[in-house]
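Reader: I have a new structure open. Please show me how to read its features.

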Amino acid sequence: MSLSPFADLPFAGGDLDRDAALRADPDALSALFTDASTLVLEMVGDEVPVRRVADGSRLVLRPPRPSDREQLWFYLGRADGEHWIAVCADTAEGVDPELLRGPRQIGQYLTAREGGALATTLALAAWHRGHPRCPRCGAPTRATHGGWIRRCDADGSEHYPRTDPAIIVAITDAQDRLLLARGATWPEDRYSLLAGFVEPGESLAAAVAREVHEESGLVLSDITYVADQPWPFPSSLMVGFTARAVTTELHLDQAEIRAARWVTRDDLTALWASGEIARPNRFSISARLVEQWYGQRL
Ligand SMILES: [Zn+2]
């Protein structure tokens, strides 16, 4: 492959300057709402307005409105002299509902900058919705610093957005076969790589070794970082690895993994052709790790 499978990973290529200094400047933030060059990304529920273009989709960004500050909003950053703000609208008023699309529909068709802005907006919106109160004293908190802090006025504590790291790993054996597994709740034809959340006090590599051993019984070596992808469903960071299986005998945790199999590239080509295994969507880092092993664009 001439291009790395990870070069255009959705959500991972955002390049806005997040400008932490501006977040801390209330007057400068206020001025953005009366500046017609400010670009507003309006999110309705978890959907955003897009338009189709020849090579994908583009976000429909608009100038700010006075009412925007009454909604939940975030400062996303700036690029090319323009500031980006996200506004989370309660209703689709003022947005053509025909244009609204969800992130899974459009994530892989946006520009890198737009994808990064959308991932940030989704994750921050979920954090605000889920954290209306102070974890110390239970009083309501309010958004400040352009939506990057929630402050409790009762006890003066400040609370920051959270990201939940998770690992995903492409495991090969000594014959360079790839391990594919089917989650307990997945359709019959869906197979993917093993994955799981990092636990408190655990390194990423330790999480890879533990999750894989728990779910499959395999022991790993050569655990190697490859790439990572913001995964705002709602607030994960998927960290992708490759690893080599020291053992190949599978002992599946049936509560989590219904089936697993070692496949060669020819096996996988045939399984995709027969429909026994569905071709993965290139949207996720999981598919890109499979693609890297497979050696051809999916
Ligand atoms: Zn408090």
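Author: We take the metal site and then the salt bridges. One caution: this is a predicted model.

Reader: Which residues are the protein donors of the zinc ion?

Author: Look for the N, O and S atoms within 2.8 Å of the metal. Here they are the SG atoms of Cys134, Cys137 and Cys152, plus an OD atom of Asp155. They lie 2.2 to 2.5 Å from the zinc ion.

Reader: What spacing do the donors follow along the chain?

Author: Read it as C-x2-C-x14-C-x2-D.

Reader: What is the arrangement of the four donor atoms around the zinc ion?

Author: Check the angles. Four donors count as tetrahedral if all angles lie between 85 and 135 degrees. In this site the angles run from 99 to 123°, so the arrangement is tetrahedral.

Reader: Is Cys152 buried or exposed?

Author: Buried means under 20% relative accessible area. Cys152 has 0%, so it counts as buried. Asp155 has 32%, and is therefore partly exposed.

Reader: Now the charges. How many salt bridges does a search of the whole structure find?

Author: The idea is a side-chain nitrogen of Lys or Arg within 4 Å of a carboxyl oxygen of Asp or Glu. The search finds 22.

Reader: Where do Asp15 and Arg113 sit in the chain?

Author: These two form a salt bridge, with the closest N and O atoms 2.7 Å apart. Asp15 is in the segment before helix H1 (20-23), and Arg113 is in helix H4 (residues 112-130). They are 98 residues apart, so the pair links distant parts of the chain. Both partners are partly exposed: Asp15 has a relative accessible area of 43%, and Arg113 has 22%.

Reader: Which parts does the pair of Arg78 and Asp17 tie together?

Author: First, the contact: their side chains meet in a salt bridge at 3.3 Å, N to O. Arg78 lies in strand E4 (residues 72-79) and Asp17 in the segment before H1, so the bridge ties together parts that are 61 residues apart in sequence. Arg78 is partly exposed at 34% relative accessibility. Asp17 is also partly exposed, at 34%.

Reader: Is Asp173 buried or exposed?

Author: Asp173 is at 0% relative accessibility, so it counts as buried. Its side chain meets that of Arg177 in a salt bridge, 2.6 Å from N to O. Arg177 is partly exposed, with 24%.

Methods: Residues are numbered from 1 along each chain as its sequence is written. This is a predicted model: local features need pLDDT of at least 70, side-chain atom pairs count only at pLDDT 80 or more; totals for chains, interfaces and linings use all residues. Side-chain values use heavy atoms; hydrogens and water are left out. Donors are N, O and S atoms within 2.8 Å of the metal (3.2 Å for Na, K and Ca); water is not among the atoms, so sites may look incomplete. Four donors count as tetrahedral if all angles lie between 85 and 135 degrees; four count as square planar and six as octahedral if opposite donors are over 155 degrees apart and all others between 65 and 115; anything else is irregular. Buried means under 20% relative accessible area, exposed over 50%, partly exposed in between (1.4 Å probe, protein chains only). Helices (H or I, at least four residues) and strands (E, at least two) are DSSP runs, numbered from the N terminus.
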